[in-house]
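Please go through the model below with a few questions and answers in mind, taking each in turn.

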Amino acid sequence: MSRNTKINALLLLAVAALAVLPLVLGLGDHKEEPFAGADAEAETAITEIEPDYEPWFSPLYEPPSGEVESALFALQAALGAGVLAYYFGLRRGRRQGEQRAADALRDAPAGD
């Protein structure tokens with residue numbers, strides 16, 4: 001097993017542990033919504049500190065349910081990952097094309 005394969009396997013294991021351990025250890029069991037987002041946590045903290053707080057503005061679109069909100073967030077994350085993957089794939093392809101062109105020029109006979 002190569003060094004890069006070992007590193008990738010360890011990173012994959014660490015990511016899986018970060019995703020599974022909170023569920024296995026029961027972190028958040030004492031809360032009504034154990035894995036709510038940071039926005040919900042901030043809203044709760046603000047209303048505890050200042051009960052009469054009025055937000056400066058309201059969202060342009062309020063999803064009808066938490067499931068729709070989660071789906072839209074997942075779609076946004078997938079689109080962002082797709083754009084990044086396309087960009088890095090394009091850069092790698094260009095680099096490989098330039099390398100092949102340089103190799104072809106170097107290997108070509110001097111008379112051509």
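Q: Is tyrosine 87 buried, partly exposed or exposed?
A: The model is a predicted one, in which local features need pLDDT of at least 70, side-chain atom pairs count only at pLDDT 80 or more, and totals for chains, interfaces and linings use all residues. Residues are numbered from 1 along each chain as its sequence is written, and side-chain values use heavy atoms, with hydrogens and water left out. Buried means under 20% relative accessible area, exposed over 50% and partly exposed in between, with a 1.4 Å probe and protein chains only. With a relative accessible area of 40%, tyrosine 87 is therefore partly exposed.

Q: Which residue forms an aromatic pair with tyrosine 87?
A: Rings of Phe, Tyr and Trp (its six-membered ring) pair if their centres lie within 6.5 Å, and planes under 30 degrees apart count as stacked, over 60 as edge-to-face and the rest as tilted. A search of the whole structure finds 1 aromatic pair. It is edge-to-face, at 5.3 Å centre to centre with 65 degrees between the planes, and the partner of tyrosine 87 is phenylalanine 88.

Q: Where does H1 bend by about 30 degrees?
A: The bend at a residue is the angle between axes fitted to the seven residues ending there and the seven starting there. A proline, proline 22, follows within four residues of the bend, which is at leucine 18.

Q: Which helix gives the most to the lining of the largest pocket?
A: A pocket, on a 1 Å grid over the protein atoms alone, is an open set of points where a 1.4 Å probe fits, with protein on both sides within 12 Å along at least five of seven lines, and lining residues have an atom within 4 Å of a point. Of the 24 residues that line the largest pocket, the closest to its centre are Asp39, Ala40, Glu43, Glu62 and Glu69. Helix H3 (66-107) and helix H2 (38-49) each supply at least two residues of this lining, and the most, 7 residues, come from H2.
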